[in-house]
Amino acid sequence: MWLWSKGLGRLLLPMELGKASVHVEPEKLIIKGRIVAPKVNWDYAASMYEEDLKGFMGILSDPVVIHYLVRKEGIRLLVGLMGSAVRFFLLYLKEGSKEWIIGRKA
Amino acid sequence: MDYWSQGLGRRSALSIGCTREEANLTIQDARTALSRVVPSLVARLDLPEGEKLVLSGETRPPIVWRYVTLLGVEDLRSILRLAMSPEAVTFLTRFPGRKKLFLKLGFLMGIFLTRYLGVWIAQKLKLGFKEIRVRQGRNEGVDLKEKEIETQEKVEISADPSFPQR
């Protein structure tokens with residue numbers, strides 16, 4: 001991902017999301033990583049709140065994005081996503097039941 | 001989304017609106033996308049090649065700056081991977097209104113997957129029809145060529161003086 005904003009002037013910041021780490025806080029998810037480019041070696045952090053997660057899923061579901069992804073990735077991405085979605089759901093059930101048991105004991 | 005990086009210095013984080021209403025969404029190559037916003041800088045920037053998903057707009061107050069984000073397929077894949085990571089599950093299970101959020105995100109994910117499948121099928125059908133048309137065109141071309149050769153042979157035979165004429 002590349003980010004440019006007015007305050008950066010002549011810099012275009014490359015961010016390797018694949019190398020980023022995710023941290024959990026009560027009301028937000030924080031994505032942390034490092035931007036390495038000529039003249040730049042900076043830490044970055046992007047905090048995502050409930051509204052951002054919903055908003056970003058809305059952006060991903062936009063026809064423009066879907067056409068782009070289908071053209072570039074075909075069915076492979078969908079197959080991978082289905083697998084991830086099932087794993088995600090099972091993990092959610094596992095974690096949810098753990099929380100529920102802790103709640104009952106308390 | 002609150003974005004912070006060391007380069008922002010003493011300024012607080014930039015607040016980037018991550019909703020469809022706040023961001024302009026296009027598919028362009030980096031040069032075209034940035035030349036609309038900062039034409040003077042394009043020549044000096046080291047830009048990525050190929051078509052990218054371009055998200056652009058203005059950050060929310062107090063720091064209102066124009067921004068452009070370029071996302072490649074690999075980035076979108078990484079975002080989806082992060083969104084379905086065990087950390088994201090932990091976040092969802094500990095979130096105060098977790099059931100509501102889980103259902104909402106699940107619904108949105110369902111829309112994404114259904115649309116994706118729909119577009120993929122539509123593209124396959126379109127390609128299939130195109131292939132059939134190309135094949136039909138080729139067959140018609142072969143038939144025409146055969147007819148042409150046949151006529152040419154007839155003309156040659158009739159023009160031959162050694163061929164017995166009536």
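Predicted model: local features only at pLDDT ≥ 70, side-chain atom pairs only at ≥ 80, totals over all residues.
Let us start with chain A. Its secondary structure comes to three helices and five strands.

Let us start with chain A. Its secondary structure comes to three helices and five strands.

Chain B has four helices and five strands. Along the sequence, its pattern is β-β-β-α-β-β-α-α-α. With a radius of gyration of 30 Å, well over the 15 Å that the globule rule gives for 166 residues, chain B is more spread out than a compact globule. Chain B also has two assigned domains, domain 1 (2-72) and domain 2 (98-156). Here the domain centres, again over C-alpha atoms, are separated by 36 Å.

| Chain | Span of the C-alpha trace |
|---|---|
| Chain A | about 55 × 35 × 25 Å |
| Chain B | about 105 × 45 × 25 Å |

**Burial and contacts within each chain**

How many of the 106 residues in chain A are buried, as a percentage? The share is 25%. In chain B, 20% of the 166 residues count as buried.

Contacts within a chain can also be sorted by how far apart the partners are in sequence. In chain A, among contacts with a separation of 6 or more, 9% are between residues 24 or more positions apart. For chain B, 37% of the contacts between residues at least 6 apart in sequence join residues at least 24 apart.

**Where the chains meet**

The contact between the chains takes 60 residues from chain A and 63 residues from chain B. On the side of chain A that touches chain B, several elements supply at least two residues each, including strand 1 (2-5), strand 5 (40-48) and helix 3 (75-105). Which element of chain A gives the most to this side? The answer is helix 3, with 11 residues. Sorted by class, this side of chain A has 38 nonpolar, 11 polar and 11 charged residues.

Five strands form an open, antiparallel sheet in the order 2(A)-1(A)-5(B)-4(B)-3(B). Its edge strands, each pairing on one side only, are strand 2 (13-14) of chain A and strand 3 (24-29) of chain B.

Inside this sheet, strand 4 (residues 51-58) and strand 5 (residues 66-71) of chain B pair in the antiparallel sense over six bridges. Leu53(B) stands opposite Leu71(B), a residue of strand 5 of chain B.

There is another pairing across the chains. Strand 5 of chain A and strand 1 (residues 2-5) of chain B run antiparallel, paired over four bridges. Look for Ala45(A) here: its bridge partner in strand 1 of chain B is Trp4(B).

**The nonpolar core**

In soluble globular proteins, nonpolar side chains tend to be buried together. In this model, the largest nonpolar core has 49 residues. Those with the most contacts inside this core come from both chains: Trp4(A), Val65(A), Leu69(A), Leu53(B), Val68(B) and Leu70(B).

Leaving aside its neighbours within four places in sequence, Val65(A) is in contact with Ile59(A), Leu60(A) and Leu53(B).

Leu70(B) lies in strand 5 of chain B. Is Leu70(B) buried or exposed? Leu70(B) is buried, because 24 other C-beta atoms lie within 10 Å, and 20 or more are enough to count as buried. Beyond its neighbours within four places in sequence, the contacts of Leu70(B) include Met1(A) and Trp2(A) from chain A, as well as Ala30(B), Ala33(B) and Val54(B) from chain B. Thr26(B) is 44 residues away from Leu70(B) along the chain, and their C-alpha atoms are separated by 9.9 Å.

Technical notes. Residues numbered from 1 in each chain as written. Chains lettered and ligands numbered in written order. Contact = placed C-beta atoms within 7 Å. Nonpolar A, V, L, I, M, F, W, Y, C, P; charged D, E, K, R; others polar. Pairing = 2+ DSSP bridges. Buried ≥ 20, exposed ≤ 12 C-beta atoms within 10 Å, placed from the backbone. Domains from an automatic or database assignment. Rg over C-alpha atoms; globule rule 2.2 N^0.38 Å. Core = buried A, V, L, I, M, F, W, Y, C linked by C-beta atoms within 7 Å.
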